[in-house]
Amino acid sequence: MSVELLTLLFFGSLFVFVLLGTPLAFVLGGVSVVFLYFEMGTIGFYLLSSKMWEAMHDPMLMAIPLFVYMATLLEKSGVAGDLYDMMHQWWGGVRGGLAIGTVMICVIFAAMSGISGAAVVTMGTIALPKMLERGYDKKLALGAINAGGGWGILIPPSILMVLFSLLTEVSVGRLFAAGIGPGLLLFALVSAYILIRCFFQPHLAPALPVSERADWGTKFRSLKAVILPILIVLSVLGAIFGGFATPTEAAAIGVFGALVATTVNGRLSAKIMMETAFSTLQLTALIMWILFAAHAFSTAYTALGAQSLIEDLMSDLPGGRWGALLMMLSTLFFLGMVLDPVGIMLITLPVFLPIVQANGFDPIWFGILFIIMMEVGYMTPPFGFNLFYLRGVAPPGVTMGDIYASVIPYVLVTLLGVALIMIFPEIALYAPRLFFS
């Protein structure tokens with residue numbers, strides 16, 4: 001059978017089972033094992049088990065449950081509520097200030113947690129009702145939470161970056177560093193969008209009345225809310241970038257910091273510890289199955305010879321290497337509308353990485369573009385995860401149509417950020433060179 005027909009059957013089978021609702025890990029693993037057997041016989045199983053055994057000995061795997069535990073604990077610690085009160089006092093007097101403050105909290109939460117849903121759920125619970133009470137436009141407020149919540153996978157530490165590193169063998173420390181510049185860029189772009197739009201349409205996000213604004217003494221006293229988050233961020237990222245700890249060791253430091261923050265806020269209890277441990281076990285087990293499926297997919301994909309076929313197709317695209325890059329990013333954008341980011345990563349990375357290498361693109365730089373497109377996937381209809389997280393915690397007056405409509409301008413702003421990073425690669429590459437020269 002020709003490689004073209006095999007590739008069509010392989011990917012066609014994957015999408016048929018995905019559309020039937022079969023869990024992605026079992027689709028990838030099951031279909032890959034079947035095709036691997038017919039292509040290589042029983043020897044393919046030995047090759048696959050060898051790869052899985054090698055993967056299970058990778059110390060980087062320990063970082064995943066640690067970062068998940070840290071994020072889940074921080075979500076329950078009460079840190080976000082204190083941060084929002086502080087932002088409310090400092091930014092409430094500015095048109096759109098509460099939305100910008102919410103976006104800023106998402107940046108801080110992203111630098112502490114490593115996952116996307118934590119900030120969306122927390123800010124949807126705390127910030128959204130308060131913004132709506134103050135007369136904020138629903139779509140402006142919903143979009144700000146959706147956009148900022150997605151940065152949990154871009155601003156280090158990031159569980160998705162750990163998975164990207166495991167699948168591509170690029171340095172996770174350099175990938176973490178590369179996320180800093182783009183994360184700050186997106187924060188600046190989203191904040192500028194909110195400020196400019198509220199300047200021309202002040203009714204969308206009115207400022208707090210003068211009588212309700214905090215005095216300077218209250219503002220400065222409220223700054224104590226950022227002490228614990230900053231200490232957690234500095235302990236995790238400082239340990240990695242300072243060369244004092246590996247990402248896995250830094251994740252353990254972050255867990256300790258999250259425990260301290262929860263204790264200081266009076267939230268630490270046996271119930272919270274049990275709930276956090278159970279949630280961590282569930283998500284870690286899911287990730288491990290997905291990782292096994294990824295190895296099965298990669299092995300089968302290589303054995304079928306589809307890699308050379310895809311490379312040849314990409315090389316024939318108009319625009320050369322940049323045409324191939326735009327095609328890859330466009331594919332990620334459309335897949336993000338229907339698949340979860342981890343699944344997209346497993347399906348596309350074995351296909352895209354050889355193309356990236358053949359065209360001479362920096363894999364760290366491409367990794368950041370990839371992660372940002374996954375972030376866009378979290379917030380684009382119809383199946384963006386953040387949309388459903390937000391719907392689950394939104395007040396009764398907020399409809400799914402409101403949430404869908406709210407993301408459009410924020411997606412455009414994010415894609416502008418992608419274009420800037422493509423034009424100016426140093427936005428992503430400066431920090432890795434600075435910390436890992």
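User: Is E169 buried or exposed?
Analyst: E169 is exposed, with a relative accessible area of 73%. Buried means under 20% relative accessible area, exposed over 50%, and partly exposed in between, with a 1.4 Å probe and protein chains only. This is a predicted model, where local features need pLDDT of at least 70, side-chain atom pairs count only at pLDDT 80 or more, and totals for chains, interfaces and linings use all residues. Residues are numbered from 1 along each chain as its sequence is written, and side-chain values use heavy atoms, with hydrogens and water left out.

User: Where does E169 lie?
Analyst: In the loop between α9 (159-168) and α10 (172-178). Helices here are DSSP runs of H or I with at least four residues, strands are runs of E with at least two, and both are numbered from the N terminus.

User: What about the phi of E169?
Analyst: E169 has a positive phi of about 65 degrees, and E169 is not a glycine. Most residues other than glycine have a negative phi.

User: Back to α9, then. How many of its residues are buried?
Analyst: Nine of the ten, so α9 is mostly covered. The buried ones are I159, L160, M161, V162, L163, F164, S165, L166 and T168.

User: Which helices do they pack against?
Analyst: The buried residues of α9 pack against α4 (63-75), α10, α15, α18 (341-358) and α19 (363-379). Contact means heavy atoms within 4.5 Å.

User: Take α15. Is T276 buried or exposed?
Analyst: T276 is buried, at a relative accessible area of 0%. T276 lies in α15, which covers residues 270-304.

User: What is T276 in contact with?
Analyst: Y69, T72, L73 and K76, leaving aside neighbours of T276 within four places in sequence.

User: Which residues of α11 are buried?
Analyst: P182, G183, L185, L186, F187, L189, V190, S191, Y193, I194 and C198.

User: What does A207 touch?
Analyst: Setting aside neighbours within four places in sequence, A207 is in contact with G92, G93, V94, R95 and R213. The C-alpha atoms of A207 and G96 are separated by 6.9 Å, although the two residues are 111 apart along the chain.

User: How far apart are T42 and L434?
Analyst: 48 Å in space, C-alpha to C-alpha, and 392 residues in sequence. T42 is found in the loop between α2 (24-40) and α3 (43-56), and is partly exposed with a relative accessible area of 48%.

User: Whole protein now. How many helices and strands?
Analyst: There are 23 helices and zero strands.

User: What is the radius of gyration?
Analyst: The protein has 22 Å, which agrees with the value near 22 Å for a compact globule of 437 residues. That radius is taken over C-alpha atoms, and the globule rule is 2.2 Å times the number of residues to the power 0.38. The C-alpha atoms fill a box of roughly 75 × 45 × 45 Å, taken along the principal axes.

User: What share of the residues is buried?
Analyst: Buried residues make up 53% of the 437. Among contacts between residues at least 6 apart in sequence, 79% join residues at least 24 apart.
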